[in-house]
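Q: Hi, I'm new to this one. Could you walk me through it?
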Amino acid sequence: MGYNACALSLLLSLSLVSVTHAENITSDAYFYGQSPPVYPSPEGTGSGSWALAYQKAREFVGKLTPEEKVNLTAGISVKNGCSGNIGPIDHLGFPGFCVSDAGNGLRGTDYVSSWPSGIHVGASWNKKLANQRGAHMGAEFRKKGVNLLLGPVVGPLGRVVESGRNWEGFSTDPYLAGALVYETVDGVQSSGVGTSTKHYIANEQETNRNPERNKQGESMAAVSSNIDDKTMHELYLWPFQDAVLAGSASIMCSYQRINNSYGCQNSKTLNGLLKTELGFQGYVVTDWGAQHAGIAGANAGLDMVMPSSELWGDHLTTAISNGSMEASRLDDMATRIMATWYQLNQDKGIPNPGIGMPADVGAAHEKGHVLVKNTNNALPLRKPDLVSMFGYDAKGPDFLEVSIGYTKGTPATQNSTLYVAGGSGANSAAYVDSPIDAIQRQAYSDGSSVMWNFDSQDPDVDPTSDVCLVFANSYASEGFDRPGLSDDYSDTLITNVASKCSNTVVVIHNAGIRVVDNWIENGNITAVMFAHLPGQDTGRAVVDLLYGHANPSGRLPYTVAKQASDYGLLLHPSEPEGEYWLYPQSDFSEGQFIDYRAFDSKGIVPRFEFGYGLSYTTFKYSGLQLQKKSTPWSTYPAAAKIVEGGNPHLWDELVKVSAVVQNSGSVNGDEVAQLYVGIPNGPVRQLRGFEKVSVNSGKSAKITFSLTRRDLSTWDVTAQQWALQKGQYKVWVGRSSRNLPLESTFVF
């Protein structure tokens, strides 16, 4: 197209993107060039495992008329319960396909399961369970005739603490999110259902995510995530790279702008990063209604529009006729879409959408609960005579229906147990097992009595209560950012109960970070658990943990501050202001210093650090060993043909780290051993490995970590490559980002 994309990309990467002040900005032409143009859109190569799928797809597309090719790229309206559909091509035996929400389980249908949400999986730090959850979810989607699961989520990553969709993703850390999205994609697609990893990219707030009219009636553009090249690679692109490496069939582009170019027509992020640098072989689909350009979007790398749009359709064939779009681009769009069909063996038959799901295949719903306080072994409970229960979250919902609607606005809490949060990421449940249901079953088994009051903020407490359980929640939903990280009603409820009960245990089902310093140091509050979003078995899961049938093994996938203001400017979403009133801007000027990276760099002491979590047993670490591979030194990875995920040499092992974990307590338990690396000229430390192991009481287990070239590199904005630095690298191994008893160094 005549653009020197490489030179423009380099100029952009050398400094943070910022906009020059002007008195009155009334046209988006003011921002042209801030996101470098990268053209043409690369054709899928069919590399690696995609070779046969691409061969079949090219043969199929070669038999299509231009109109049929266009029909493959745009959704149609069919009343079959799917979120979106691609129409059939009958004469070639192609039945069309169905795409549906969400990354946490099917939404808006019956006979399916409400699975633990992304944040719950993140808190489990369990790669094996993430894969199993994906496989079981994929099996349910396939039974319903769904070809593409709209998820998993790694955008938002969690930059904005109050973001309404952080709960759908795994973690604020790109390494943890990347490891778990890899397993999720692999698990789902093992069932023959594709994934559409979303929302690509830098989609970090709900406020102004779409164009809208402001209070003055003026038309506003969507917010722009203004991000530099180094931060893009080292933080936000990282988990998407892992999803591509795992073979994600699709990537969903996001609503907002990136450097003032809409995400679904941003040639730098789609053509440049995704399809060229990462070697993505699948197709790019819009979020619903995220298309803002027709031919320009196609040329920028967009392959499919959901739902159908007037900007698409026969305009594509017209554009080919008049020369504004190459016929090869339409062929590539259709080929990429059909290649996923063959890659997942969906040509061999997949059921039409319908009912008849099997029984719930089960999941370890308790693995994402994080015990953060347990004074004098208040937990586990041991057949208490009287259990008193309080709080709105302990009870089940007033009704359970197939259809899950959107909440108008985002209340601080939901007036029933919070097993999943709101919006398109919500899922449908076969049933909801509430905490009060499960406690009563346990009481029957133990011969205990149970009393409760779920309505009063200042309930009476029987003085003979052995334990007082207080259940609260913290809600979030798509379309709105959270009103805060705590709420007065719940905090007052907790302190009121604690003032009357010397053994008060607090359980919070939280769809995001929840600050607790208004009451956490109260001596009568003996235990606190972040229960996150465990899905339909919420009661059974929490009772298993409260009574010691299972040992807590969750760890925080984010940092809990002592006060909300500790998160600084990243607490709230960016709002339009000044001369950019019509074109809201969100400058990612903090670079990669979000969450624990920011707390470490600023010396802020958190309430509970990233990776923190208690167990009913204790663990000791010893025997740290480092082994550098005898690989010849090179700053950059050796040149190689780009495959899914990028240069294959990024995954060359450079250093092997091992340690011994001993269960020094009296209870069998799971430990999450965490590896952090201090890369020269980077953050104090960054997560670069984790393993969850079961260790019996008195026994030990050896943990081994592999540090790859990518793990140890930083993004060189001049060379546009991952680069190793000369210097000393620090290595820590331990239980959390601030509990790291083992430390060593190595030098490159």
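A: Happy to! A contact here means heavy atoms within 4.5 Å. Among contacts between residues at least 6 apart in sequence, 79% join residues at least 24 apart. The model is predicted: local features need pLDDT of at least 70, side-chain atom pairs count only at pLDDT 80 or more, and totals for chains, interfaces and linings use all residues. Residues are numbered from 1 along each chain as its sequence is written, and side-chain values use heavy atoms, leaving out hydrogens and water.

Q: How many helices and strands are there in the protein?
A: The protein has 17 helices and 27 strands. They are DSSP runs numbered from the N terminus, helices being H or I with at least four residues and strands E with at least two.

Q: And what share of the residues is buried?
A: Of the 748 residues, 63% are buried. Buried means under 20% relative accessible area, exposed means over 50%, and partly exposed is in between (1.4 Å probe, protein chains only).

Q: Switching topic: how many salt bridges does the structure hold?
A: There are 29. A salt bridge is a side-chain nitrogen of Lys or Arg within 4 Å of a carboxyl oxygen of Asp or Glu.

Q: Which residue does Glu691 form a salt bridge with?
A: Its partner is Lys127, with the closest N and O atoms 3.0 Å apart. That pair links distant parts of the chain, 564 residues apart: Glu691 sits in strand β22 (residues 686-695) and Lys127 in helix α5 (residues 127-143).

Q: What about Asp332 and Arg329, where are they?
A: Both belong to helix α12 (residues 327-343); they are 3 residues apart, so about one helical turn separates them.

Q: How far is it from N to O for Arg540 and Asp537?
A: In that salt bridge the distance is 2.2 Å. Arg540 is partly exposed at 36% relative accessibility, whereas Asp537 is buried at 6%.

Q: Which residues are linked in a network of salt bridges?
A: One such network links Arg165, Glu168, Glu206, Arg209 and Glu478.

Q: Last one: what box do the C-alpha atoms fill?
A: Roughly 85 × 60 × 60 Å, taken along the principal axes.
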